[in-house]
Amino acid sequence: METTMSVRHFLDLNDAGGDALAAMLNDAQDRKAARASWPKGKADADRPLADHVLAMIFEKSSTRTRASFDMAMRQLGGSAMVMEGGSMQLGRGESIADTARVLSRMVDAIMIRTDDHAKIEEMARHASVPVINGLTDRSHPCQIVADLLTIIEQGKALPGLELAWFGDGNNVLHSVLEAAGIFKFNVRIATPAGFEPDMTFVEAARGEGATVTLTQDAQAAARDADVIVTDTWVSMGQENVENKLGAMQPYRVDDALMALAKPDADFLHCLPAHVGDEVTQSVIEGPQSCVFDEAENRIHAQKSVLLWAFGKL
């Protein structure tokens, strides 16, 4: 979604498309390798975003998104400012449209982490600088760029990959499905009845050639999978928590479930994890877990997202 030909917004993975995402992943690998053992605050040698400023708007709590975008801008030679929704005029009734127009005159790009996806779409409609989705209730594309980078680092090719998802059919899964359609990998989704993902994402992935299987059988989904993925069962602000937690119990990722996957299968979780709920301690701390590589890769992935948004990739 772009307001003009000269402004690149990253609201979902399809805004960039396959060629651009492949370029982002290659760039992320190269930049990560080039700065190995450097101090984390040292800028990349080329400082491609020198003098650029990113405004980061948070209407939801954040650890990884906040830290990784801040560090991404520092490493690219730019800077970032944190703006909490509750302390902005946005939190007191100023329109998203006016916020977008004002910030567009003060900063070079806007990242927003919010609830309703319609908010970020409105922000993009009225902004004259790139707008990046740091998370909405609908999708989490920046997380998935980091996940794909992690999978590639583990020596796995994306086309034909068998990825198994367990638990809630949430915003992260929606972006996984979008990636599956772009990179032609397959997704097996094990969820309790009533917690499936939005079927528009399922059908879109299938339409692009991905095999997407929905099942209530966790063991069947795990069998011979290349990657096992889960996420917190209860997202921020959700209600009817007890009923949901009860329904999710059969979808906990434990050693028995991991044993059904391929011997070299990787475990991913975007964090924060509720150990004992969606995943056991032995799995998240085990040899197949890549969750902390995945978390670190948010920096490297977001650097490449930013460069793409600025037309430098």
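**Exercise 1. Determine whether Trp-308 is buried or exposed.**

Solution. Trp-308 has a relative accessibility of 4%. Buried means under 20% relative accessible area, exposed over 50%, and partly exposed in between, with a 1.4 Å probe and protein chains only. Trp-308 therefore counts as buried.

The model is predicted: local features need pLDDT of at least 70 and side-chain atom pairs pLDDT 80 or more, while totals for chains, interfaces and linings use all residues. Residues are numbered from 1 along each chain as its sequence is written, and side-chain values use heavy atoms, without hydrogens and water.

**Exercise 2. Classify the aromatic pair of the structure.**

Solution. Step 1: the structure holds 1 aromatic pair. Rings of Phe, Tyr and Trp (its six-membered ring) pair if their centres lie within 6.5 Å; planes under 30 degrees apart are stacked, over 60 edge-to-face, and the rest tilted. Step 2: the ring centres of Phe-10 and Trp-308 are 6.0 Å apart and the planes stand at 65°, so this pair is edge-to-face.
Step 1: the partners come from distant parts of the chain, 298 residues apart, with Phe-10 in the segment before helix 1 (18-34) and Trp-308 in helix 12 (residues 291-309). Helices are DSSP runs (H or I, at least four residues), as are strands (E, at least two), numbered from the N terminus.
Step 2: Phe-10 is buried too, with a relative accessible area of 0%.

**Exercise 3. Describe helix 2 and what covers its buried residues.**

Solution. Step 1: helix 2 (residues 64-75) has 12 residues and spans 16 Å from first to last C-alpha, close to the 16 Å expected. The expected span is 1.5 Å times one less than the number of residues. Step 2: its buried residues include Phe-69, Met-71 and Met-73. Step 3: among the elements that cover them are strand 1 (53-58), helix 5 (141-153) and helix 12.
Step 1: just after helix 2, Gly-77 has a positive phi of about 95°.

Terms used: Contact means heavy atoms within 4.5 Å.
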